[in-house]
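Take a slow look at the model below. Then follow the text through it, one part at a time.

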Amino acid sequence: MTLAFLNLSWPALANGLEFGGIYALMAVGIGLVFGVLRLVNFAYGQLIMAGGFALAFGAQWGLPNWVSILFCFGVVLALSLLMDRLVFRPLRTHSPAVMLVATFAVAFLLQNIALLAFGGFGKTAGALAYLNAPWDFGGVEIKKIAVIAIVTAAVCLGALQLLLTRTSLGLHMRAASMDFRTAQLLGVRANRVIAGAVVVSALFAAIAAVMLSVAEFQVTSTFGLTDTIFVLAGVVLGGLNRPVPATLGGFSIGFATGILGSTLPANQSQYLQSFLFAAVIVVLLVRPNGLFTRGAAAVERL
Amino acid sequence: MNLVRRLPELFVPALLVLGTALVGLEVSSYLQSYFLDTLVQVAIVVALYVFIGNSGVLSFGHISFVALGAWTAGVLTVPAGQKTAIMPGLSHFLLHANVGNVTSLALAAGVGGAGALVVGLPLMRLSGLAAGIATFAVLEITNNLLTYDQSIGPGENAFSSVPQTTGIWQAAIGAFICVVVAFAYRTSRFGRMLGATREDPAAAAAAGISIYRQRLLAFVISGGLAGLAGGIYVHLLPLQAAGLSLNLTFITLAMLVVGGSGTLLGAVVGALAVNGIYSFFSAATNGVDVFGWHLTVPQGTAEIVLGVMMALVLILRPSGLTGGRELTLPQRSARAKA
């Protein structure tokens, strides 16, 4: 059975949804931190890389899968908090452009530390590779990881929505992202809000690392790098200012790359990146608030 | 009026370039390669400074213009007999076009400037974060096209067989031209107008300055200088598209930030200082002797040191090593200052 009218097979669609889900999580991770810190984190990909290496070490030490996944979460979380404490906090009062350069520096630094420590070939995180095997849905075979990725992404985004709308931390985060100064004056504790955003964003990075390691189990220093660059593009396309548009942007990019990557011939898909970034430029010029935002003034950012 | 007083702004960087060249002539040919690299990077960083320093707007895209210059100079100077071997997909027009060394460099600068004009026309309306991301997009697009489009160059392969005409003098003259152009622009009325828009956009606009036009002019000039640097670079090394991307962007930006992006002196000092440290640790990969003890570091240490250095400078001394000051002659009377 195929989606003949779209000239698209079910596995290709599942592939698109899988990457859409993973990229949506990454997009929210980047968007949350941007919301409270006005910081576009270029080093987000390196968090995912660190998670990938944690999984690889877990596999090497023969840990059970759930332990190495926990280990991955721990590493990403620790690194993320460290990054915030050492680099982002001292730079908080600087302009977004300076912070952008700083995250660029952190990204470069972490990538080269990984290159130095683990070499050009990296390590293998093969423990979850069995998820590449398909499940059979009434004659249609779909990779297990695709189903898992879609479900996980949906659950995580739902949980985040609850956090933002039903808890006081969420309320504070939303307030801080609207107007940090005023929120502070009204008693919102800056460090707590920022830590909250950093932690949630790190959790999503860890989840993305686990899911990306299934398809790409050779973890090198550039693990997650291309994905992050694509997601950054997607976040800007959707609208950096608010999480739902950012998520939609991330999802669309993931969906498009997932589908086009498996349907376009190589001599066309290699220019995908150019089209993507050309679209980014057009959106920045024409709709600086993003494609999926309504109205000129983005009122609430989280 | 104050041009005489400001001449050290030109002479000190120019003398630094000359000094680097003279030392580079004396050292062994192995060490000389580091000096050659340094001089090319001085040119790139000064090109970056012309735009970023004067406008205060971030650009991640300048390595695109370096790459355009490199491609222009490279494609036009590979000997006709070897073109089809290295670049099988080259378009017909380029297959038969061949120019000399100097012409290729001039064309590289021209194409770099033209590229900057095309990019700048739409993008110079942006500033801050949007400018950073848009110029990053430009870098990704250029790199993507140069990597895969074999009708305009070698694609993913290295640019071999380009005549290696870049010696110490050619590199030094390139850097020198960049320094002189940067100084001339900075002291011209256009440079001052752009400086005014950096300090206070609203006041500058109220005084009748078109921020967009002034930024565009600086962008085109710095694109041209970056193209020139790219041309010189491709005559030095068999470059590859992969080498003209994120890493070089990071390294050159680091140089500018470390030196102090607001001044020409900062750009040159940053390029020299960072290159010195970077080269030292790169050389130490094979072992170096420092004050009697032998030091060997693992590969990649240079990049890590550079990353830490850049982060530290950003946090501790955001205006760079030179502290945002140009060297000028002291004023004759203190009252003139007030």
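How many residues lie between E4(A) and E5(A) in their hairpin? Two residues lie between these strands, and Gly138(A) in the turn has a positive phi of about 50°. Strands (E, at least two residues) and helices (H or I, at least four) are DSSP runs, numbered from the N terminus.

This is a predicted model: local features need pLDDT of at least 70, side-chain atom pairs count only at pLDDT 80 or more, and totals for chains, interfaces and linings use all residues. Residues are numbered from 1 along each chain as its sequence is written, while chains are lettered from A and ligands numbered from 1 in the order in which they are written.

Strand E4 covers residues 134-137 of chain A and strand E5 covers residues 140-143. They pair in the antiparallel sense over four bridges; strands pair if DSSP finds at least two bridges between them. Asp136(A) stands opposite Glu141(A) in E5(A).

Now turn to two helices. Two packed helices are described by the angle between their axes and the distance between the axes. The axes of H2(A), residues 44-60, and H3(A), residues 65-88, come within 8 Å. They cross at roughly 145°. Here axes are lines fitted to C-alpha atoms, for helices over the stretch in contact, and angles run from 0 to 180 degrees between N-to-C directions.

Which residues meet? From H2(A) come Leu47(A), Ala50(A) and Gly51(A), among others; from H3(A), residues including Val67(A), Phe71(A) and Leu79(A). Contact means that C-beta atoms, placed from the backbone, lie within 7 Å. By class, this contact has 11 nonpolar, four polar and no charged residues. Ala, Val, Leu, Ile, Met, Phe, Trp, Tyr, Cys and Pro count as nonpolar, Asp, Glu, Lys and Arg as charged, and the others, Gly among them, as polar.

Next, the two chains. 33 residues of chain A are in contact with 33 residues of chain B. On chain A, helices H4 (96-118), H9 (225-238) and H12 (272-286) each give two or more residues to this side. H4(A) provides the largest share, 15 residues. The side of chain A divides into 28 nonpolar, five polar and no charged residues.

Last, a backbone detail. Most residues other than glycine have a negative phi. Arg38(A) has a positive phi, near 55°. Arg38(A) lies in the loop between H1 (10-37) and H2 of chain A. In chain B, Ser161(B) has a positive phi of about 70° and is not a glycine. Its loop runs between H7 (128-148) and H8 (168-187) of chain B.

Key:
Two residues are in contact if their C-beta atoms, placed from the backbone, lie within 7 Å.
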